[in-house]
Amino acid sequence: MSYYEEVYLPVCQGVDENTFSNVTAADVRRALGKTRLGEHDYLVLLSPRAEEYLEEMAWKAHRLTVQHFGRVIQLYTPLYLANYCVNRCAYCGFGAHNKIKRDRLTPAEVEQEARAISGMGFKHILILTGESRHHSPVSYIRECVQVLKKYFSSISIEIYPLTEEEYGELIAAGVDGLTIYQEVYDPAVYDRVHLAGPKKDYHFRLDAPERACRAGMRTVNVGALLGLHDWRSEAFATGLHAAYLQKKFPAVEVSLSPPRLRPEVGGFAAPVLVSDRNLVQYMLAFRLFMPRAGITLSTREPARLRDHLVKLGVTKMSAASCTAVGGHSATGQKTEDQFAVADSRSLDEVMAMLYAQGYQPLFKDWQLLEAN
């Protein structure tokens, strides 16, 4: 069975604001007293009542993170290969309905970007495209990976969902990580914000992480785009998705991202406000629920907040980010940004912040070995 059949339908469907409002202080204290949390305990820690216990949750989350990961933060940066897209997603700057400049890096330009990024010190990279199988086919992505693996020890993809065979093809080429956001787990809201295009297929996207795991992906990172729907129910569904993958594929490193909506060229206004306090509660609850899972915090969040979140469960952070095609090398930025970056600090500045807090920036924890 799939996540939707095994977990979402029986456990997550029907969970709403009223479910969380019924949680009592005794429920929260009971959950905090446990060493291993179940699904209901995770729900309890996402509730409004648990807001009164954030300090206790923070201390426990910090201890668990140091126990399982040490005082280390892995650093990476994104590289946008192309922004052609056939989807009409209400919230995305790359949407086909937006009149923006479209472009795609040539292999030579990919190499220029790779030299510039690796020259900063990065060894892990995340490559992104819009969803256009015509402009960014799997063959093009594979060609780019062949260039990038000369410079990076780990290459992750954040692209349109693929078949299991296609994931296997990219893994064979040198890809070892997948990031894919379901965007929103509630099927009705998903249908409403995805106006047209292949991304409107809720189930094909939802099952993508599982297909990647079956294909042999080393790391898989999931998330919901916070601000599209009630954040507590979305956090609950995302956390249970991560737990499902970790249980079903114990050899895969599973992690979660909690991205919040950012301003984009289309001017989409988030229907739900997700405060800094809400974000903190989500991250703490997830860390207590899944002590061995990673938490990735991107430059969508402002510098001051990212600084304060380092000790609260984060294991991976982006730095020196650019959300346009190109922009890292001397060729310059070729398109508009997908969304506005909130933390524009350089890699050196992010490293200095981590050192000041007693943390070690990590650039490499994996090395792809070519077959003989």
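A residue is called buried when its relative accessible area is under 20%, exposed when that area is over 50%, and partly exposed in between, as calculated with a 1.4 Å probe on protein chains only. Helices (H or I, at least four residues) and strands (E, at least two) are DSSP runs that are numbered from the N terminus. This is a predicted model, in which local features need pLDDT of at least 70 and side-chain atom pairs count only at pLDDT 80 or more, while totals for chains, interfaces and linings use all residues. Residues are numbered from 1 along each chain as its sequence is written, and side-chain values use heavy atoms, with hydrogens and water left out.

- Helix H11 (residues 208-215) is largely enclosed by the rest of the structure, because six of its eight residues are buried.
- The buried residues in H11 are Ala208, Pro209, Glu210, Arg211, Ala212 and Cys213.
- These buried residues of H11 pack against H1, H8, E5, helix H10 (202-206), E7 and H12, where contact means heavy atoms within 4.5 Å.
- After H11 comes glycine 216, which has a positive phi near 110°.

- Strand E7 (residues 219-224) is largely enclosed by the rest of the structure, because six of its six residues are buried.
- Both faces of E7 are covered, with Thr219, Asn221 and Gly223 buried on one side and Val220, Val222 and Ala224 buried on the other.
- Two strands count as a pair if DSSP finds at least two bridges between them, and strand E5 (residues 177-183) is joined to E7 by six bridges, the two strands running parallel.
- Within this pairing, glycine 177 has threonine 219 in E7 as its bridge partner.
- E7 also pairs with E8 in the parallel sense, over five bridges, and here glycine 223 has serine 257 in E8 as its bridge partner.
- E7, H12 and E8 form a right-handed β-α-β unit, a term that applies if, with the strands pointing away from the viewer, the path from the first strand over the helix to the second runs clockwise.

**Strand E9 and its partners**

- Strand E8 (residues 253-257) pairs with E9 in the parallel sense over two bridges, and leucine 256 has isoleucine 295 in E9 as its bridge partner.
- From E8 the chain passes through helix H13 (residues 276-289) to E9 in a right-handed β-α-β crossover.
- E9 runs parallel to strand E10 (residues 316-318), to which two bridges join it, and leucine 297 has methionine 317 in E10 as its bridge partner.
- A right-handed β-α-β unit is also made by E9, helix H14 (residues 303-309) and E10.

**Helices H1 and H12**

- Two packed helices are described by the angle between their axes and the distance between the axes.
- The axes of helix H1 (residues 3-12) and helix H12 (residues 231-248) come within 11 Å and cross at roughly 145°; such axes are lines fitted to C-alpha atoms, for helices over the stretch in contact, and angles run from 0 to 180 degrees between N-to-C directions.
- At this meeting, Tyr3, Glu6, Val7, Tyr8, Val11 and Cys12 in H1 are in contact with Phe236, Ala237, Leu240, His241 and Tyr244 in H12.

- Glutamate 166 lies in helix H8 (residues 164-173) and counts as buried at 16% relative accessibility.
- Apart from its neighbours within four places in sequence, glutamate 166 is in contact with Arg133 and Val138.
- Glutamate 183 has a phi near 75°, a positive value in a residue other than glycine; glutamate 183 is placed in strand E5 and counts as buried at 8% relative accessibility.
- Alanine 320 also has a positive phi, near 50°; alanine 320 lies in the loop between E10 and helix H15 (347-356) and is buried, with a relative accessible area of 18%.

**Cysteines**

- A disulfide is a pair of cysteine sulfur atoms within 2.5 Å, and by this rule the count comes to zero disulfides.
- Cysteine 85 is in no disulfide, and the nearest cysteine sulfur, that of cysteine 89, is 6.0 Å away, which is too far for a bond.
- Cysteine 85 counts as buried at 16% relative accessibility, and cysteine 89 is buried with a relative accessible area of 4%.
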